[in-house]
Amino acid sequence: MKRAIPVLVLSVAGLIPVWRYEPSTGTTSTTEAASTPSVSSSASSSGSTTVSGTTVTTEKGDVQVQVTFDGGRITAVKMLKQPNHPQTTAAVPKLIAETLTAQSADIDTVSGATLTSNGYKESLQAAIDAQAAAASASPSASAATSQTVAGTTVNTEKGDVQVQVTFDGDRITAVKMLKQPNHPQTTAAVPKLIAETLTAQSADIETVSGATITSDGYKESLQAAIDAKGA
């Protein structure tokens, strides 16, 4: 009986560290930053850049656009956020079409969708500004791929025609008239010829009705610029 007492005492003493042990919870907390309206951009392997404009809050709902640029040219616009309203649904295709034509946010407000139009233009301008800022931050890369070539001067019955073409790599990003006849039909035809060139990316474009002579001179000078660039 006397021997059992020390054994019991030792057993109790051995359990004390176990009673005092407090397991660690090992928890790790993570904090995720709240998302705020911002402009973000990501470059694709093809050389195009997609930029999201700021989210603009309107009385009808949030408006946000996503713009795809190829060089400095707007090639696509996608709505990321828009009010769920019939007038907005009808207005968006018009706004996008005008943007692709104007290549800027300086476009007309769609009648009946003033709030959406204003929000669209604000978000669009933010995307354009972000793209311009990114381009100016790396001017050497832009200068390395951009090239401006003047086509030959073509003499026509209406007057001289000469175009200047800007390339970004192999892509035509801009066309400027250096010489053109001073004629109303020419003035009306030139924007159409330039728009078709940017779409076709070649001189294989339609002749503008009522401005055949100017169209032919334009295409000849344009082809000369394209050939000079490839030489």
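**View 1. Val-92 in contact with Met-79 and Gln-82.** Leaving aside neighbours within four places in sequence, Val-92 is in contact with Met-79 and Gln-82. Contact here means heavy atoms within 4.5 Å. The model is predicted: local features need pLDDT of at least 70, side-chain atom pairs count only at pLDDT 80 or more, and totals for chains, interfaces and linings use all residues. Residues are numbered from 1 along each chain as its sequence is written, and side-chain values use heavy atoms, with hydrogens and water left out. Val-92 sits in helix H2, residues 86-102. Helices (H or I, at least four residues) and strands (E, at least two) are DSSP runs, numbered from the N terminus. Val-92 has 8% relative accessibility and therefore counts as buried. Buried means under 20% relative accessible area, exposed means over 50%, and partly exposed lies in between (1.4 Å probe, protein chains only). Val-92 and Gln-82 are 10 residues apart in sequence. Their C-alpha atoms are 8.8 Å apart in space.

**View 2. The whole chain.** The chain has 231 residues, and 34% of them count as buried. Its secondary structure comes to six helices and nine strands. Take the contacts between residues at least 6 apart in sequence: 40% of these join residues at least 24 apart. The accessible surface comes to about 14,000 Å². Carbon and sulfur atoms account for 53% of that surface. Accessible areas come from the Shrake-Rupley method with a 1.4 Å probe; for residues, only the protein chains shown count as cover.

**View 3. Pro-83 in the loop between E5 and H2.** Pro-83 lies between strand E5 (73-81) and helix H2, in a loop. Its relative accessible area is 3%, so Pro-83 is buried. Which residues does Pro-83 contact, leaving aside neighbours within four places in sequence? They are Thr-58, Lys-60, Gly-61, Asp-62, Val-63, Thr-88 and Thr-116. Asp-62 is 21 residues from Pro-83 along the chain. The C-alpha atoms of this pair are separated by 6.2 Å.

**View 4. Thr-58 and Lys-60 in the loop between E3 and E4.** Thr-58 lies in this loop. Lys-60 also lies there, between strand E3 (56-57) and E4. Thr-58 has 15% relative accessibility and so counts as buried. Lys-60 has 47%, so Lys-60 counts as partly exposed. Beyond neighbours within four places in sequence, Thr-58 is in contact with Val-63, Pro-83, Leu-115 and Gly-119. Lys-60 touches Pro-83, His-85 and Leu-115, not counting residues up to four places away. Thr-58 and Asn-118 are 60 residues apart along the chain, with 8.8 Å between their C-alpha atoms. Lys-60 and Thr-88 are 28 residues apart along the chain. Their C-alpha atoms are separated by 9.1 Å.

**View 5. Thr-68 in strand E4.** Strand E4 covers residues 62-70 and holds Thr-68. Is Thr-68 buried or exposed? Thr-68 is buried, because its relative accessible area is 19%. Residues up to four places away in sequence are not counted in what follows. Thr-68 touches Ser-48, Thr-49 and Thr-50, and also Arg-73, Ile-74, Thr-75 and Ala-76.

**View 6. Helices H5 and H6.** Two packed helices are described by the angle between their axes and the distance between the axes. Helix H5 spans residues 184-200, and helix H6 spans residues 212-230. They pack at an angle of about 40°, with their axes 10 Å apart. Axes are lines fitted to C-alpha atoms, for helices over the stretch in contact, and angles run from 0 to 180 degrees between N-to-C directions. H5 and H6 are therefore oblique to each other. Angles under 35 degrees count as roughly parallel, over 145 as roughly antiparallel, 65 to 115 as roughly perpendicular, and the rest as oblique. H5 passes H6 in a right-handed crossing. A crossing is right-handed if the near helix is turned clockwise from the far one by less than a right angle, and left-handed if anticlockwise. On H5, the contact is made by Thr-186, Leu-193, Ile-194 and Thr-197. On H6, it is made by Thr-214, Ser-215, Tyr-218 and Leu-222. By class, this contact of H5 with H6 has four nonpolar, four polar and no charged residues. Ala, Val, Leu, Ile, Met, Phe, Trp, Tyr, Cys and Pro count as nonpolar, Asp, Glu, Lys and Arg as charged, and the others, Gly among them, as polar.

View 7. Most residues other than glycine have a negative phi. Gln-103 is not a glycine, yet has a positive phi of about 60°. Gln-103 lies in the loop between H2 and helix H3 (114-137). Gln-201 also has a positive phi of about 60° without being a glycine. Gln-201 is found in the loop between H5 and H6. At 24% relative accessibility, Gln-103 counts as partly exposed. Gln-201 is partly exposed, with a relative accessible area of 24%.
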